[in-house]
Amino acid sequence: MAVLRRITRPLLATPFVIEGARALRRPLPLAAGAESWARRLGAPVDDPLRVVKLNAAVQIGAGGLLALGRFPRTASLVLAASLVPATLAEHAWWKEEDPKLRKDQLREFAQRVGLFGALLLGAADTHGKPTAAYRARTATTRGRKRAHRAAARAGGHVHAAIDTAGSGASSAASATGRTMHSAADSARAALPHR
């Protein structure tokens, strides 16, 4: 899988770097679409050219990181987030009146949706390593098992200590009893007999 990742990441990043460079060279057509979408969402933009250029720079930067395999999960998420406004601004197929243009825009829109899905897969790719949630669950389970074993060992040690203390006390009592019995015999022998 490592070889496959090394091949697919640059392939997935290429359209973003190319589109970002194109948007930096010719931002005006995209700025009009970005401004209309911002108005529809109720978030008017003061400088749509700056927004388009910023989005293009983000796409180039994150695309470069993804192509190089640096922070690939984060880069994939950033590219997916940057893809949504760009797609809505550039490929609004539902607004086209001409059937040919509508078909072309729909095809481009569908390709962008496919790229979005591929980026989400890239963001979820853990390189075969378990996720943080899995590691946390496993550590919790392992910790519980260790605690149960430690408690069982501690209980066994306590039981053994009680047994040892009990047998020691019993031995001491027995020895004390023998000593007292011997002392009593000696005292009786020392007393005059009647």
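How are H2 and H4 oriented to each other, roughly parallel or roughly perpendicular? I shall take that question as the opening of this presentation, noting at once that the model before us is predicted.

Two packed helices are described by the angle between their axes and by the distance separating those axes. Here, helix H2, spanning residues 28–40, packs with helix H4, residues 72–90, at an angle of about 105°. Their axes are 8 Å apart. An angle of 65 to 115 degrees counts as roughly perpendicular, and H2 and H4 are therefore roughly perpendicular to each other.

The residues behind this contact are as follows. From H2 come Leu30, Gly33, Ala34 and Trp37, while H4 supplies Leu88, Ala89 and Glu90.

I turn next to the surface. Leu77, Val84, Phe116 and Leu120 make a nonpolar surface patch of about 320 Å². Both H4 and helix H5, residues 99–124, contribute at least two residues each to the nonpolar patch. Leu120, for instance, is placed in helix H5.

Finally, the salt bridges. The structure contains 6 salt bridges. One of them joins the side chains of Arg5 and Asp125, with an N to O distance of 2.6 Å. Which parts does this pair tie together? Arg5 belongs to helix H1, residues 2–25, whereas Asp125 sits in the loop between H5 and helix H6, residues 132–190, so the pair links parts that are 120 residues apart in sequence.

Notes
Residues are numbered from 1 along each chain as its sequence is written. This is a predicted model: local features need pLDDT of at least 70, side-chain atom pairs count only at pLDDT 80 or more; totals for chains, interfaces and linings use all residues. Side-chain values use heavy atoms; hydrogens and water are left out. Axes are lines fitted to C-alpha atoms, for helices over the stretch in contact, and angles run from 0 to 180 degrees between N-to-C directions. Helices (H or I, at least four residues) and strands (E, at least two) are DSSP runs, numbered from the N terminus. Angles under 35 degrees count as roughly parallel, over 145 as roughly antiparallel, 65 to 115 as roughly perpendicular and the rest as oblique. Contact means heavy atoms within 4.5 Å. Patches are made of residues with over 30% relative accessible area and no salt bridge: like charges are joined within 9 Å, nonpolar side chains (Val, Leu, Ile, Met, Phe, Trp, Tyr) within 5 Å. Accessible areas come from the Shrake-Rupley method with a 1.4 Å probe; for residues, only the protein chains shown count as cover. A salt bridge is a side-chain nitrogen of Lys or Arg within 4 Å of a carboxyl oxygen of Asp or Glu.
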